[in-house]
Amino acid sequence: MAADSATSSAADSATTAERLAALADERVDHRFKGLPPDAEGLTVGELTAQRRNLFSGGFTTPLLALSAERLDHNLRLMETYADRHGLVFAPHGKTSMAPQLFQRQIEHGAWGITLAVPHQVRVARAFGIQRVFLANELVDPAALGWISAQLAADPGFRFLCYVDSVRGVELMDAALRGTSRPVDVVVELAAGEGARTGARTEAECAAVADAVAGVDTLRLVGVAGYEGEVPDADPERVRAWLRRLTALAVEFDKAGRFSSAGLDEIVVSAGGSAWFDAVADVFAGLPELSLPACKLLRSGAYVSHDDGHYREVTPFTRIPEEGALHPAFRLWAQVVSRPSPEQAFANAGKRDAAYDLHLPEVQVVRADDGERPADGITVTGLSDQHAWIRTDEGTGLRVGDWVSMGLSHPCTSFDKWQLIPVVEQDGTVVDYIRTYF
């Protein structure tokens, strides 16, 4: 059996490598913003091999780029953090929807990938991801049928999803009857009244668990939730809710709810990108259960980090001794209008930059005489294709200058770009990241 498993794993790895390698065969054309016009018709692999410079290699603005060094740093830092705290890591793939980054996360120790909706699972499976945690209750019969077929066809595929209602269990059961493998589920405990999804009380969680026990199509494997939805979140409130979650796992275990045949671990999962330090602290105190505990962390924004929301809320500001994430995104735009000494317009707007949490932050000006800090230059608004910029006296900003902007919220930065250059510090483009939103 071990030899068969090893053979299957090797085959899966080969398939994943082949599918990722095939991304290099895609042709560069009008679909991809910012790429050099003279690269039309080249494959992505051929363009990568040219190692063009971002600033002199024919790229056009607006252009989103990822720092190669900062991306690597962030991947290594979270791998180290999870290892140090005894956490299993399944980063949320909705952040990037980039199979190349999924693979790099797995190479840096990730157990699997967390996702939110069926389409995202299909993308992950198309690139050979073998473990998926779906952080949602899944009640769509077509999607459940597809998941069931995936489980039947691939014994090595592990899939878990939330359940948070008896009605949801009934719908899942109706869609899955006659399937060969049950779908693994975790009961979601809501973060509080008025929070997002999840059963609001422990009694409601128990009712959902009872409903799961009453069907053959589902298997209860743990409990989960999202502490980022705790109302008026602060360290005390977040830890209090996490203690409720771990206590729920203990109570379910004492009641024998995790006694399904073949179950070899109990999943206890939480952890967005703002409170994973609290998750690590509380999960460290989880009492011993009847089976080994899979303490599953799901933070996703770390991969690129940002220059806004997550810069402010990252736990590494509270635990600086553990390291620091580095913002890896840079949105380059060009000044195309300077109607007055106090105002300028650059050619990047809502179609190019995240703006749901904070406006972009101008950090660098690149002109004919080199780069300089963007002191006195502020984005005050975005139109569809323009950034409104206020300039203080003496900034020297001119039409034709390039400006580099830091972005807030990775999840709404990645989704505006299908092919993103990865750039070394000297400007050399060494890779291109393909996204699937």
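The model is predicted: local features need pLDDT of at least 70, side-chain atom pairs count only at pLDDT 80 or more, and totals for chains, interfaces and linings use all residues. Residues are numbered from 1 along each chain as its sequence is written, and side-chain values use heavy atoms, with hydrogens and water left out. An open sheet of eight strands pairs in parallel. The structure holds one cavity of 30 Å³ or more. The disulfide count is zero.

**Parallel sheet**

- The strand order is β2-β9-β8-β7-β6-β5-β4-β3. Helices (H or I, at least four residues) and strands (E, at least two) are DSSP runs, numbered from the N terminus. Two strands pair if DSSP finds at least two bridges between them.
- β2 (88-89) and β3 (113-115) stand at the edges. Each has a single partner strand, so one side of each is left without a neighbour in the sheet.
- β2 pairs with β9 in the parallel sense over two bridges. Here Val88 stands opposite Leu296 in β9.
- Strand β8 (residues 266-270) pairs with β9 in the parallel sense over five bridges. Ala270 stands opposite Leu297 in β9.
- Strand β9 (residues 293-297) is mostly covered, with four of its five residues buried. Buried means under 20% relative accessible area, exposed over 50%, and partly exposed in between (1.4 Å probe, protein chains only).
- β8, helix α10 (residues 276-284) and β9 form a right-handed β-α-β unit. Right-handed means that, with the strands pointing away from the viewer, the path from the first strand over the helix to the second runs clockwise.
- Strand β5 (residues 158-163) and strand β6 (residues 183-188) share four bridges in the parallel sense. Leu160 faces Asp184 in β6 as its opposite residue.

**Antiparallel pairings around β10**

- Strand β10 (residues 329-340) pairs with strand β1 (residues 63-67) in the antiparallel sense over four bridges. Leu66 stands opposite Phe329 in β10.
- β10 also runs antiparallel to strand β16 (residues 402-406), joined by four bridges. Ala333 stands opposite Val403 in β16.
- Three bridges link β10 to strand β11 (residues 343-346), again in the antiparallel sense. Val335 stands opposite Ala346 in β11.
- A hairpin joins β10 to β11 through two residues.

- In helix α4 (residues 99-107), Pro99, Gln100, Leu101, Phe102, Gln103 and Gln105 are buried. Just after α4, Gly109 has a positive phi of about 95°.
- In helix α5 (residues 118-126), the buried residues are Gln120, Val121, Val123, Ala124 and Arg125. Gly128 follows α5, and its phi is positive, near 80°.

**Cysteines**

- There are zero disulfides, a disulfide being a pair of cysteine sulfur atoms within 2.5 Å.
- Cys205 is in no disulfide. Its nearest cysteine sulfur, that of Cys161, is 15 Å away.
- Cys205 counts as buried because its relative accessibility is 0%. Cys411 counts as buried at 13%.

**Cavity**

- The largest cavity has a volume of about 40 Å³. On a 1 Å grid over the protein atoms alone, a cavity is a set of points where a 1.4 Å probe fits but cannot get out. Grid points are joined across faces, edges and corners, and a volume is the space filled by probe spheres set on the points.
- Its lining consists of Ser273, Phe276, Ser299, Ala301, Tyr302, His305, Tyr310, Thr314 and Leu325. Lining residues have an atom within 4 Å of a point.
- By class, the lining of the largest cavity has five nonpolar, four polar and no charged residues. Ala, Val, Leu, Ile, Met, Phe, Trp, Tyr, Cys and Pro count as nonpolar, Asp, Glu, Lys and Arg as charged, and the others, Gly among them, as polar.

**Second largest pocket**

- The second largest pocket has a volume of about 580 Å³. A pocket is an open set with protein on both sides within 12 Å along at least five of seven lines.
- This pocket is lined by 30 residues. His92, Lys94, Arg196, Tyr226 and Gly272 lie nearest its centre.
- β4 (131-137) and α11 (309-313) are the elements that give two or more residues to this lining. The largest share, three residues, comes from α11.
- The lining of the second largest pocket has 12 nonpolar, 12 polar and six charged residues.
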